[in-house]
Amino acid sequence: MVQVAFYAFSALTLVGALAVLLTRNVLYAAFFLLLTLFGVAGLFVLASADFLAIAQIMIYVGGVLVLVIFGIMLTHKPDLPIDINSQQPNRIASQNRVGVGAGWVIALLVAGSLFIALYTLLARANFILLSRPVGWQSTMNTIGKQLMTEYVVPFEIAGILLLAALVGATYLAAPPIKSSRNATS
Amino acid sequence: MQPVDSHLFLVVGAALFSIGLAVVLLKRHAIVVLMGIELMLNAVNINLVAFSQYDPDRLQGQMLSLFVMVVAAAESAIALAIVLQVYRHFRTAQLDELNELNY
């Protein structure tokens, strides 16, 4: 039963990630990323990390993905009407088409060889740790204690980091302030 | 219930990392490149959580992946703000067309 759930969630994760890779539409990529993030949350549950699964759904799906979709919609450029009288119709498109093929080959070479290297490494590795038995238990109690005792300094630094990111993102994304001289001209 | 073999978590993490790397290398839209970075961070989190279930007393892997999530959220907020400014300046978010330092 757990094995079936594991294979289902990993299939969800990998299919979503492959669809992000293969789709051309940016908004579809965002929705396939949603699929992947849910699959990763399910994998967290199967690795007995219940708190992290909830945090994954709340932070990624509720925060990051909404932000990404906002970004996509704010940077969307509608297709320009095709000008038939244009003298150089497909120059950039043909240049890009050559680049696309080479880019696919190089990227698949790099990523595929990385995966093959990692897979052979994992197949040969013999982790002593992974032969120990594990149990299912809630991690929420331990995480709460750890955050308030051993990891209290990183916890506070994370708070400062989030405040700095909030202020910085607001400052960066604000429209440029028009001075009165620019406004009149 | 029999727990899942942890080697499978590591294999899924490796595959997800490779796909994320391919997304970062291939895609031309800045936001999709950010999505590839998120995929790679998720792959790392899967590995950390898979090893952390053998450490139920201290849960160091889960704590580290919690902080990775926080940093990823901050990073994506800043990066999207920068993409928004770049779009306002150049009227495009395709990375190949951003080839001028001073517009």
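A salt bridge is a side-chain nitrogen of Lys or Arg within 4 Å of a carboxyl oxygen of Asp or Glu. In this predicted model, the side chains of Arg58(B) and Glu150(A) meet in such a salt bridge, at 2.3 Å from N to O. Across the interface of chain A and chain B, the rule finds one salt bridge. Chain A and chain B bury about 6,900 Å² between them, and 78% of that area is on carbon and sulfur atoms.

**The interface as a whole**

- Chain A brings 81 residues to the contact, and chain B brings 68 residues.
- Thr75(A), Leu130(A) and Val134(A) supply 9% of the area that chain A buries against chain B, which is more than any other three residues supply.
- Between chain A and chain B, eight residue pairs are in polar contact, counting pairs with both residues at pLDDT 80 or more.

**The side of chain A that touches chain B**

- Six helices of chain A each give two or more residues to this side: H1 (2-22), H2 (26-46), H3, H4 (91-124), H5 (140-148) and H6 (152-173).
- H4(A) gives the most to the side of chain A that touches chain B, with 13 residues.
- By class, the residues on this side of chain A are 60 nonpolar, 18 polar and three charged.

**Helix H3 of chain A against helix H2 of chain B**

- H3(A), residues 50-74, packs with H2(B), residues 30-52, at an angle of about 175°, and their axes are 11 Å apart.
- Angles over 145 degrees count as roughly antiparallel, and H3(A) and H2(B) are therefore roughly antiparallel to each other.
- From H3(A), the residues that meet H2(B) are Leu52(A), Gln56(A), Tyr60(A), Val64(A), Val68(A), Gly71(A) and Ile72(A).
- On H2(B), their partners include Ile31(B), Met35(B) and Glu38(B).
- The contact of H3(A) with H2(B) has nine nonpolar, three polar and one charged residues.

**Helix H2 of chain A against helix H2 of chain B**

- The axes of H2(A) and H2(B) come within 11 Å and cross at roughly 5°.
- Angles under 35 degrees count as roughly parallel, so H2(A) is roughly parallel to H2(B).
- On H2(A), the residues making this contact include Val26(A), Ala29(A), Leu33(A), Leu37(A) and Phe44(A).
- On H2(B), the contact is made by Val32(B), Met35(B), Leu39(B), Asn42(B), Asn45(B), Ile46(B) and Val49(B).
- The contact of H2(A) with H2(B) has 13 nonpolar, three polar and no charged residues.

Note on methods: Residues are numbered from 1 along each chain as its sequence is written. Chains are lettered from A and ligands numbered from 1 in the order in which they are written. This is a predicted model: local features need pLDDT of at least 70, side-chain atom pairs count only at pLDDT 80 or more; totals for chains, interfaces and linings use all residues. Side-chain values use heavy atoms; hydrogens and water are left out. Axes are lines fitted to C-alpha atoms, for helices over the stretch in contact, and angles run from 0 to 180 degrees between N-to-C directions. Helices (H or I, at least four residues) and strands (E, at least two) are DSSP runs, numbered from the N terminus. Angles under 35 degrees count as roughly parallel, over 145 as roughly antiparallel, 65 to 115 as roughly perpendicular and the rest as oblique. Contact means heavy atoms within 4.5 Å. Ala, Val, Leu, Ile, Met, Phe, Trp, Tyr, Cys and Pro count as nonpolar, Asp, Glu, Lys and Arg as charged, and the others, Gly among them, as polar. Buried area is the accessible area (1.4 Å probe) that two parts lose on being put together, summed over both. A polar contact is a pair of N or O atoms within 3.5 Å; within protein, one must be able to donate a hydrogen and the other to accept it, and residues adjacent in sequence count only if both atoms are side-chain atoms.
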